[in-house]
Amino acid sequence: MQDRLRGQWVLITGASSGFGAAAARAFGAVGARLLLGARRLQRLEQVAAEARAAGAPEAHAHVLDVTKTDSVEAFFAWVRDRLGAGRAHPEPLHVLINNAGGALGLDPVAEGKDSDWETMLQTNVLGLLRVTRAALPLMLGHPGGVILNIGSVAGHEAYEGGAAYCAAKAGERQITRALRLELCGTGLRVCSLDPGMAETEFSLVRFKGDAERARKVYEGLQPLTAEDVAEAMVWIASRPPHVCIDEMIIKPTAQASVHKIHRQC
Ligand code: NDP
Ligand code: 8X3
């Protein structure tokens, strides 16, 4: 089944760490060709090298800030070049993974910071929209393509201190559903993969570099790894063209809900 991805072009946003970096290696291992974007170019180039070492015939990196329309447009000009724009038969983009995002802060609304709220909505919601708008012309007319958006359990359940992040990920779910309706009949698939607790740089970013606070989030339980989530991405993207995984929730066994977590300590 994963042979279906061999030679296909897979674009991953937020590929410099966590899920995106693990996805680059996992898609590389099944022979996909990769287009990787994030703000930290040096990290991204290192991930591209790892993906090639894992088996990717090609893995290219380019700086991308999904919060800025100019940056998204420059990134897609580069993508079109990689796909052979200008040639008689440019190649299509087969898989788009909208993964760039994250949370900032865990403040209750009463103490919330405009800059945190704005960044969360810019990356998780508006960034996803901008990237998808730019990618669609490269996918339409090529049935079987996949748009895979990374949501979260936070889009399903609210928690204290998570108002803006939960709103952003609920927004991602609704964008996914709207796109699924808009693209019905094109042969393109639109999917949401919604993970629970996974140990990446997510909490380090949320707590603005406070490594001790980030570590405590996962204390006493076995969280998901980035590789667990990347494996699910490869599975979703490698279903036969008539199969669309509309939504998948993936959580650590110890996490029954955002509030019900079994910790052994
Ligand atoms: P990481 O912090 O490890 O990775 C986040 C990635 O997003 C980085 O590559 C970062 O790259 C990129 N990114 C952030 N802002 C931007 C931007 N403005 N433009 C382009 N890229 C950006 O966290 P995860 O891997 O855990 O997070 C990946 C996705 O998964 C996010 O959408 C997150 O909300 C979601 N998620 C995470 C869960 C978890 O528990 N870890 C659970 C559920 C969902 P750079 O800084 O180089 O730009
Ligand atoms: C990340 C998972 O539960 O911290 O999306 O919101 S959670």
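Author: A polar contact is a pair of N or O atoms within 3.5 Å; within protein, one must be able to donate a hydrogen and the other to accept it, and residues adjacent in sequence count only if both atoms are side-chain atoms. This is a predicted model, where local features need pLDDT of at least 70, side-chain atom pairs count only at pLDDT 80 or more, and totals for chains, interfaces and linings use all residues. Residues are numbered from 1 along each chain as its sequence is written, chains are lettered from A and ligands numbered from 1 in the order in which they are written, and side-chain values use heavy atoms, without hydrogens and water.

Reader: What makes the pair between ligand 1 and Ala198 a polar contact?

Author: An oxygen atom of ligand 1 lies 3.0 Å from a polar backbone atom of Ala198. The cut-off is 3.5 Å, so the pair counts.

Reader: How do you know that Gly102 makes one too?

Author: A polar backbone atom of Gly102 is 3.4 Å from an oxygen atom of ligand 1. That is within 3.5 Å, so it counts. For Ser17, an N or O atom of the side chain is 2.8 Å from a ligand 1 oxygen.

Reader: Why is a space called a cavity?

Author: On a 1 Å grid over the protein atoms alone, it is a set of points where a 1.4 Å probe fits but cannot get out. The structure holds two of 30 Å³ or more. A volume is the space filled by probe spheres set on the points, joined across faces, edges and corners. The largest cavity has about 80 Å³.

Reader: What makes Trp117 a lining residue of the largest cavity?

Author: A lining residue has an atom within 4 Å of a point. Trp117 is one of 14 such residues, and is among those nearest the centre.

Reader: Which residues line the second largest cavity?

Author: Among them are Thr13, Asn98, Thr123 and Lys169. This cavity has a volume of about 70 Å³. H4 gives the most to its lining, with five residues.

Notes:
On a 1 Å grid over the protein atoms alone, a cavity is a set of points where a 1.4 Å probe fits but cannot get out, and a pocket is an open set with protein on both sides within 12 Å along at least five of seven lines; lining residues have an atom within 4 Å of a point. Helices (H or I, at least four residues) and strands (E, at least two) are DSSP runs, numbered from the N terminus.
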